[in-house]
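Let's take a friendly walk through this model, looking at a helix, some aromatic rings and the nonpolar cores. Have the chain open as you read.

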Amino acid sequence: MKVEAAIASGSGSFTIDFIEVREPQGDEVLVDIKAAGICHTDYDSLSWGKPIVMGHEGAGIVRSVGPLVRKVQPGDSVILNWAIPCGYCFQCLEGNQHICEINSPVTSGNKASGGHAALERTTYQGQPIERSFSLGTMSGATVVREAAVVKTHVPIPFSSAAIVGCGVMTGVGSVINAAQVKPGRSVVVVGTGGVGLNVIQGARIAGAGMIIAVDVNPNRLEMATRYGATHTVLADRADKGLAQAVSQVKQLTGGRGADYAFECTAIPELGAVPLAMVRNAGLACQVSGIEQEITIDMNLFEWDKIYINPLYGKCRPEVDIPILLNLYQKGDLILDDLVTRTYSLHQLDQAFDDMLNGRNAKGVLVF
């Protein structure tokens, strides 16, 4: 079958064109994509040095399955996830499915991870092409491994379901699974984009007593209050290391700093900020995926501070995604309103522009 897809060139641009998608084999699943989330990683993928089918957040309907597939069948609604556990490697057996040594597109170190469906299932201009994060959700259809799909068990719009697969899981999971925020404690969140808002939601769901949102965009701070922020700090872009914001956070927290601090900006220069904002023996969490080399004053670790860098909210797909859906069904996890605007595939340029300029909580492509 031929479907339209967003194809990154690898050198900073993308095109909308037709790809060929073939029937699944083995443990593969063919999914008709109904919605695909848009995040900064998708924009970054334009420059990954190789052509790929874009997109790593998505939801859709199973069209067909390979003979080894057991957990879904044609007609099932599913959420796609890129934490594709093999179930038997060292990290999976340790309970760290999100950093599977065989299948993870991030930690496996392979050109196309073991979690990727066979490359020949998807071709572009007659040649096999990889899919972003082994998924490639910015496409009318995709072939993925069975472990990359989770069946939805509650009624939910596809546009809302799509964002669960990365941004929501990363934000909420960083709070609940990784930092394990305790009820009544204070939390500061630096950066209130799509992931930051979900960190705020996670803190609210965890029962945090004070949730301080920090951002340079007043519109985003206003959004933050709707998702659970109890206090806001409008930062200044010219404030090096957010020193003034650090001072305001300490004023709000009895002079000692917050119990937990989360960095959600992906700006290398702000990588040390959560350490500056937490109290002695507090926990700082780097959520956004900064990978550049940065310099940190070791005095910021004084005393007994912990700095963690979890991947994907330590997601266990078959456990955590149903938990998030249950929270959504109860009304605790806000998803529908988080989708500020939907776009067609041909509006991807506009969607990226809106994201980069902070106009949306979350933008979603709808097929």
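Which residue takes a positive phi just after α6? G254 does, with a phi of about 70°. Before going further, a word on the model: it is predicted, so local features need pLDDT of at least 70 and side-chain atom pairs count only at pLDDT 80 or more, while totals for chains, interfaces and linings use all residues. Residues are numbered from 1 along each chain as its sequence is written, and side-chain values use heavy atoms, with hydrogens and water left out.

**Helix α6**

Helices here are DSSP runs of H or I with at least four residues, strands are runs of E with at least two, and both are numbered from the N terminus. Helix α6 spans residues 243-252, and its A245, V246 and V249 are buried (under 20% relative accessible area; exposed is over 50% and partly exposed lies in between, with a 1.4 Å probe and protein chains only). These three lie on the same side of α6 because they cover an arc of only 105° around the axis, taken from the directions from the helix axis to the C-beta atoms. The buried residues of α6 pack against β12 (186-190), β13 (210-215), β14 (231-234) and α7 (273-277).

**Aromatic pairs**

Five aromatic pairs turn up in a search of the whole structure. Rings of Phe, Tyr and Trp (its six-membered ring) pair if their centres lie within 6.5 Å; planes under 30 degrees apart are stacked, over 60 edge-to-face, and the rest tilted.

| Pair | Geometry | Centre to centre | Between planes |
|---|---|---|---|
| F14 and F352 | edge-to-face | 6.1 Å | 75° |
| Y43 and F352 | edge-to-face | 5.4 Å | 75° |

Each pair links distant parts of the chain: F14 in strand β2 (residues 14-21) is 338 residues apart from F352 in helix α9 (residues 348-356), and Y43 in helix α1 (residues 40-44) is 309 residues apart from F352. F352 is buried at 3% relative accessibility, whereas F14 is partly exposed at 21% and Y43 is partly exposed at 36%. Elsewhere, W48, W82, F133 and Y312 form one aromatic cluster.

**Nonpolar cores**

A nonpolar core is a set of buried Ala, Val, Leu, Ile, Met, Phe, Trp, Tyr and Cys residues joined through side-chain atoms within 4.5 Å. The largest has 67 residues, and V181, I200 and F262 have the most contacts inside it. Helix α3 (residues 158-179) gives this core its largest share, 10 residues. A second, separate core of 18 residues includes V233, V246, L270 and A276.

Key:
Contact = heavy atoms within 4.5 Å.
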